[in-house]
Protein chains: 2
Amino acid sequence: MKKKVTFLPDNVTIEVDEGEDLLTAAATAGVYIHAHCGGDGVCGKCKVKVDQGDVHSNKAMHLKAEQYEAGFRLACQATVSQDVTIVIPEETTKDGKALKRKPKTTRSISARSLDSIIGSWSVAPPVEKRFIKLEPPSLDDNIPDLQRLMRAIKQKCYDCAEPTYDHPELLMDLPFILREANWEVTVIMLRGKRAEEPDRIIAIEPGNTTDKLYGLAVDIGTTTVCGILIDLNSGEVIAEASAYNEQISCGEDVISRIIYSQRGNGLKSLQEKVVRTINTIIETVCKEVIISPSDISYIMAAGNTIMSHMLLGLDPKYIRESPYVPTCSHFPLTRAASLGVLAHPSVRLFLYPSVASYVGGDIISGVHAAQMHKSQELTLFIDIGTNGEIVVGNEEWMVCAACSAGPAFEGGGIKHGMRANSGAIENFHIHPQTLDPMIITIDRIKPCGICGSGLISIVSELLEAKVIDQQGKFNRTLKHPRIREQADGFEYVLAWGKDSLMGEDIAITEVDLDNLIRAKGAMYAGYVTLLDSVGMTFTDLDRVIMAGNFGAYIDLERAICIGLLPDIDREKFYYLGNASMLGCQISLTDHRRFRERMEVSSLLTNMELSENPQFMTHYMASLFLPHTDMSLFPTVAAKLAE
Amino acid sequence: MKKKVTFLPDNVTIEVDEGEDLLTAAATAGVYIHAHCGGDGVCGKCKVKVDQGDVHSNKAMHLKAEQYEAGFRLACQATVSQDVTIVIPEETTKDGKALKRKPKTTRSISARSLDSIIGSWSVAPPVEKRFIKLEPPSLDDNIPDLQRLMRAIKQKCYDCAEPTYDHPELLMDLPFILREANWEVTVIMLRGKRAEEPDRIIAIEPGNTTDKLYGLAVDIGTTTVCGILIDLNSGEVIAEASAYNEQISCGEDVISRIIYSQRGNGLKSLQEKVVRTINTIIETVCKEVIISPSDISYIMAAGNTIMSHMLLGLDPKYIRESPYVPTCSHFPLTRAASLGVLAHPSVRLFLYPSVASYVGGDIISGVHAAQMHKSQELTLFIDIGTNGEIVVGNEEWMVCAACSAGPAFEGGGIKHGMRANSGAIENFHIHPQTLDPMIITIDRIKPCGICGSGLISIVSELLEAKVIDQQGKFNRTLKHPRIREQADGFEYVLAWGKDSLMGEDIAITEVDLDNLIRAKGAMYAGYVTLLDSVGMTFTDLDRVIMAGNFGAYIDLERAICIGLLPDIDREKFYYLGNASMLGCQISLTDHRRFRERMEVSSLLTNMELSENPQFMTHYMASLFLPHTDMSLFPTVAAKLAE
């Protein structure tokens, strides 16, 4: 249930989910509230007054009884339960003058309905169960057991081709299962890769087990592996789990993993680790709904090219060396158990194909989910991470590329950078006059670092407040306790040690800014290079789809402000979240949608950016906030000119 | 080179191969020569005189110098090297009268050209090697290694579908093989099962290895396993080997093997034994031509249903129990190495499908070789053994059946029966007046038993000489030292102990005769029942094809005489020899012929004779020599009436 929150005196109204805290609501609305501790409730700075309606409040600490009575609350501790109007106390300068807050327009676009993009799908999974009653054999009818089974299957399905079957497992047990089950069995069948291909029997169970049919969708990330368990009879997601990819112990990014794989037993060890991670997820989801891992009949997975190679035990050696050649792009259906995955020996694991060494199955799965191959609209699909993957195209053609953005968006190369975990600063506002920070952390605890979305907020706010210039350099003329010069250069202190989790100051440095500018510059140069290659510009785009977990946390205005996203009509932007997982989920639920993946692969053409001179030119032009050519960013130019 | 041998005084001329001995030539021509020792050269009875021309003679023993000078030779020791006329000395009765020999007409039909039956085939095996040169990758062309390989293959073959490939073996090594071989490799490909199916890459070798391409055809018999090694570039058979099926230690026939398979580890042990036998053959043929077993790229095999099940480790339990249901009829292409066969892991083993529990892949392979599915001629195809398999039909329909003839034709249930090994009496003539035997053994050594073809000769000769009657009972009125009554009934002594290998008398008994009559009766009843079922009789038959090693040794007239074969125009009979092996050989050499096997399987309908009342009626009528209805055997009736 959405509730309205109106902030006075700015008179900004925002709709939030019931249970949202006021600090987050204010940050989302672009309303500055003095908040130093990330939302932990300890600094006691974020006092606000409830004017109309009421809020739930957990803690009354840092508030005197009379303040509480008068309607004061800590914004970070108060959650919305009804429409409410909140008054934010005006701060005063040392000389008593009220400081005016300029209301911002950083509000995230409201969640757009994705139905128009991902469409609907039916429950008709690529694996199915059929309950079959066979005529027992007699002297007049003593065809072999397998033929008898095939005949019964054909009788149930008039115009299907005769199915194939798994040899030899199926044949070994067939005579005994049939007789023990008194000729009533359930066959588990894989649907053909194409409509005209025959189905394949992968297992036979005694009796009628059709009510139990489960599938697992897995997104194999370099950092995190996520899985969802789907009841394939209903299409419902019945359990979810995620875990860090155990390969992290062998290196944070794909390049260090490839290096690790070249050691003696490195590849095998990496394979075992990712398999162990998947097994952890299988155990977790199965425990949750009390089924056995052997009840899962299909595993639909997607990962980048390197993760896919490693899962299958394929050596990624030549992916890293120019000209960056993977072993293969399409991975045949593999038996999960043969890889060590905790699954019935009959169960297949499908891995989405990759396009190139750095445009993997996760991207294909995402593009597939987004149905770009079925839309006339010219779409820019982007997944921002260490490697930014970009796809441009529509139902007629698609071109894709990876650009090595560097790890800044994942907290790498940033002095106090961290992954998007508890305590990471994920949202930031600066008071335009006091230059004091309002910080919000994941899980609303004391801050311990900065994650990607926080970084974008910080840079954008510092730029708008003119604390930094368009080259990412600090304004040396500003005198402020939070802006200081250290051994490694200028920095802005986001949180003093007393307000931070570790007790150390958390700051953003000029080196950090430089790294961020390079990262966002690589992405932007990627968009331009791809569009250029097909003779188009941003104005031709109908849609921009942001995939990846990171995408969902990006504040659109701020991302445009720093030049990470193009400055076009905000209505064209969509967040798809974990599109890779969504693609797996849809494919696992609907085999017709699954079959269409072939169209996606066949439409996609990869461009190699790493040694492309056009890309380098565009990249150099992008090493500015937001860009050297400000005509490309009219709304940002207007904002900065204010 | 054929040479003419004329025997006087009968004035019978026969064409024989150069090097044939005179005893065998006489036996084949139906000319009686006194010969007790089987052709060993020790009894010295088979003296003949060379009248015109000359012969090679190994031994002069048992001949006085003046006899040798006068042109006398031992028939068993003299071999034909030129056209020759031989005088057989007339024997005399005790009272000095010459004994007249009645010339016989038991001569085997001359070998008929089989070309009209088996047709021709080309050298285009189901597995092929292609030498491929790939463009090395570059930044402008950095598609994955597998795609690069596929592209190069497609460039070599314009309208082929993209091949599939073996996963994961192929992918694991692909990047390294390609680079180490400097992008020049040989791919080993299986052709699709049907013309429209894509080929499949099963292995990749560095460099050009196309000159080495071998295949193995294997006939997996219950008793003997035979293999031939074929150079698949030329289609030539380059080595052959055979070995006893090691399963013999678990039982002589298929039923005792099934019983054995039901013991604790029985099935596994049986599988290992037949695999070991195949491995022995592989080692033998490979040694002979000095290649490695891993150079063999395909194994084409056929065996009866039980042998096929056991090779694949499928439990044959329900084959033995009514209603006699095998696990399956079609066996998918298996990886030979996965069964334990000494082969490269990529190599496939094809097993001819079976029709029913007792009509196996060996029969399909034989019918396939005989191209019954492509001929308008109504053909009776028979394979005589412990189980007689019978197929009747043409290109439009085929009906088949197995009849349990019992082991008589393989020496089982016969007092002095034995397999067709050294020392087995394989040919027999009786002197119509003295009732003395002329015996010829395999390898021309002293006799040690009777094999199937010998048994047919003996029974037919005893019947014609009226030593036995049409019920298989000895003529009690005959007084002859060789006809005697023992504890187990009447018998005829074929060889006295002094002339036999073991020093014991070798005889044929009334019990033996009874067993033989049952065996041949079952076969004949089988033919009639099958023909009946389609409303036909023997007069409708265009051809009778005899398959199996046994078939080649059957004397046609004698087999008809005892009622094992129908009494029809002799020109309709063909010997196909080991048709099962021939089918494998043709399929291994020509994939188009191989593909046609599907038509054979789809045309064949099995009839279960074991509990069929018509069959029982025909069987009872056949328990007579040759049959209770003599109108079915006009030539035999005429002969017996003489």
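Two strands are said to pair if DSSP finds at least two bridges between them, and in this predicted model strand β21 (residues 398–404) of chain A meets that condition with β30(A), since the two pair in the parallel sense over four bridges. In general, the strands of a sheet pair through backbone hydrogen bonds, in either a parallel or an antiparallel way.

**Domains**
- The domain assignment divides chain A into domain 1 (2–103), domain 2 (127–206), domain 3 (214–363), domain 4 (375–407 + 525–641) and domain 5 (408–515).
- Between the C-alpha centres of domain 2 of chain A and domain 4 of chain A there is a distance of 47 Å.

**The sheet and its helix**
- In chain A, six strands form an open sheet with mixed pairing, and their order is β29-β28-β19-β20-β21-β30.
- At the edges of this sheet stand β29 (573–577) and β30 (604–607) of chain A, each of which pairs on one side only, while neighbouring strands are turned by 20° against each other on average, direction ignored.
- Within the sheet, A:A401 is found opposite A:M607, which belongs to β30(A).
- Lying across β19 (379–383), β20 (387–393), β21 and β30 of chain A is helix α12 (residues 510–533) of chain A, which runs at about 155° to β21(A).

**Residue A:D17**
- Strand β2 (residues 12–17) of chain A contains A:D17, which counts as exposed because 12 other C-beta atoms lie within 10 Å.
- A:D17 and A:G221 are 204 residues apart along the chain, and their C-alpha atoms are separated by 29 Å.

Definitions and conventions. Residues are numbered from 1 along each chain as its sequence is written. Chains are lettered from A and ligands numbered from 1 in the order in which they are written. This is a predicted model: local features need pLDDT of at least 70, side-chain atom pairs count only at pLDDT 80 or more; totals for chains, interfaces and linings use all residues. Domain bounds come from an automatic or database domain assignment. Axes are lines fitted to C-alpha atoms, for helices over the stretch in contact, and angles run from 0 to 180 degrees between N-to-C directions. Two residues are in contact if their C-beta atoms, placed from the backbone, lie within 7 Å. A residue is buried if 20 or more other C-beta atoms lie within 10 Å of its own, exposed if 12 or fewer, and partly exposed in between; C-beta atoms are placed from the backbone.
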